[in-house]
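I opened this notebook to record what I looked up in one protein chain. The sequence and the model come first.

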Amino acid sequence: MYEKITPPTVGAKITFKNGEPVVPENPIIPFIRGDGTGIDIWPATENVLDAAIAKAYKGKRKISWFRVYAGDEACDLYGTYQYLPQDTLTAIKEYGIAIKGPLTTPVGGGIRSLNVALRQIFDLYTCVRPCRYYAGTPSPHKTPEKLDVIVYRENTEDIYLGIEWKQGSAIGDRLIKFLNEELIPATPEHGKKQIPLDAGIGIKPISKTGSQRLVRRAIKHALLLPKNKQQVTLVHKGNIMKYTEGAFRDWGYELATSEFRQECVTERESWILGNKEKNPNISLEENAHEIDPGFDSLTPEKKAQIVKEVETVLNTIWDSHGNGKWKEKIMVNDRIADSIFQQIQTRPDEYSILATMNLNGDYLSDAAAAIVGGLGMGPGANIGDSCAIFEATHGTAPKHAGLDRINPGSVILSGVMMLEYMGWQEAADLIKKGLGDAIANGQVTYDLARLMEPPVEPLKCSEFADAIIKYFG
């Protein structure tokens, strides 16, 4: 089955049932060490994961690691341009869960991004990026401890699908001509818009299926959180891109109020219910006026629509959600993308799970990570219905490779996410405690040490891993 690698002889496969992993006590898990600093951060990560599992389960559980290859390391073993060999794809498909360090972006044609390729090959439609603060971590923000969010980013659509044509290409020019001369004029709402003849062209597909399966996972995650964190915010730019980003918002609400009707309430519904709770005799028109401040200036048709909305909400969910019961439900709301970038800084404690499309999610997760200490501490997971890959969110930093100095926190915390996904919460909690205590006591790598006040003597990458284990307790 494999050309150049051999699976462990001890261990069992992880399988999937209804989109969730079924994990044996001794799973075989493929790992990609990664390029550049992967040579340093993977051994540190493996050391921490193995120590936590051993301490938490006293030998009853153990991971059998299976090394596979991607990026520059794969080219060294399999030949030039073999950045993603079939051996690696076969192993990840067979064993279900994998973890990886940073990978080099290939130069030249073919695969544009190994990370994007893996997401698309295995339909890993959900990118999960938790951003929480560990006390003592240097941060440019005054109150980084207030931010504790999880970004749910759609992984397979949007402009990351990579369908585009270069300016001046024959196909690009034909497409612009077709759009300008036939499709745009045939759509009255576009008026006299025209695409410049010297433009590059990219396609931005957002599907109902892709949007709703992402929101479904976000809501399921919210169900597992403490009551005060059970909130899902749909992040979009639907005020401008109505049929893609606006549709994402609408499809998200549709899923929440159909598939999760008993568990969810929308923000707008909560206003309607709250108005009636404050004033049981409020009329439908008065309630409509309260939820839409511009009600008086609306057309009669629009006013009637909002009044009908109020009536429908009260008729359908008052018994199940009224009289304050909605306060125990998952709150589903939405925010414009540019607004949420401000609000995670000015009102960070108001948000919990942010569900968004691919490009917005890429920006937003990095911005949130910067608030709590940077990508060196930012974990990531890419999850589908039959596979999951956990990964470092930073680059390869080749100038630091082999120096045993880089921060392994991103991959270690990605390992924490993997353990939680597997249901091994006890081991995950040990690592979070050890990491938090190591940072709080100033036992950190150089990237954090130089920013602390006063600066502290930095640990090596391997020594940081040892410190985390020491603080397991």
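My entries on the whole chain come first, then those on single residues.

**Ground rules.** I noted that this is a predicted model, in which local features need pLDDT of at least 70, side-chain atom pairs count only at pLDDT 80 or more, and totals for chains, interfaces and linings use all residues. Residues are numbered from 1 along each chain as its sequence is written, and side-chain values use heavy atoms, with hydrogens and water left out.

**Helices and strands.** I looked up 16 helices and 15 strands in the protein chain. Both are DSSP runs numbered from the N terminus: helices are H or I with at least four residues, strands are E with at least two.

**Overall size.** I found a box of roughly 70 × 60 × 50 Å, taken along the principal axes, for the C-alpha atoms.

Buried means under 20% relative accessible area, exposed over 50%, and partly exposed in between, with a 1.4 Å probe and protein chains only. The chain exposes about 22000 Å², and carbon and sulfur atoms supply 53% of that area.

**Contacts.** Among contacts with a separation of 6 or more, 74% join residues 24 or more positions apart. A contact means heavy atoms within 4.5 Å.

**Domains.** I noted domain 1 (1–124 + 378–472) and domain 2 (164–202), with bounds from an automatic or database domain assignment. Their C-alpha centres lie 44 Å apart.

**Backbone exceptions.** I was reminded that most residues other than glycine have a negative phi, and most peptide bonds are trans. Which peptide bond is cis, with omega near -5 degrees? I found the bond from E453 to P454. P454 sits in the loop between α15 (446–449) and α16 (461–470).

I then checked D123, which has a positive phi of about 50 degrees although it is not a glycine. D123 is in the loop between α4 (114–121) and β6 (126–132). D123 counts as partly exposed because its relative accessibility is 33%.

My last entry is D158, with a positive phi near 65 degrees. D158 belongs to the loop between β7 (148–154) and β8 (164–165). Is D158 buried or exposed? D158 is buried, with a relative accessible area of 0%.

Conventions
Areas by Shrake-Rupley, 256 points an atom, 1.4 Å probe, with all protein chains shown as cover.
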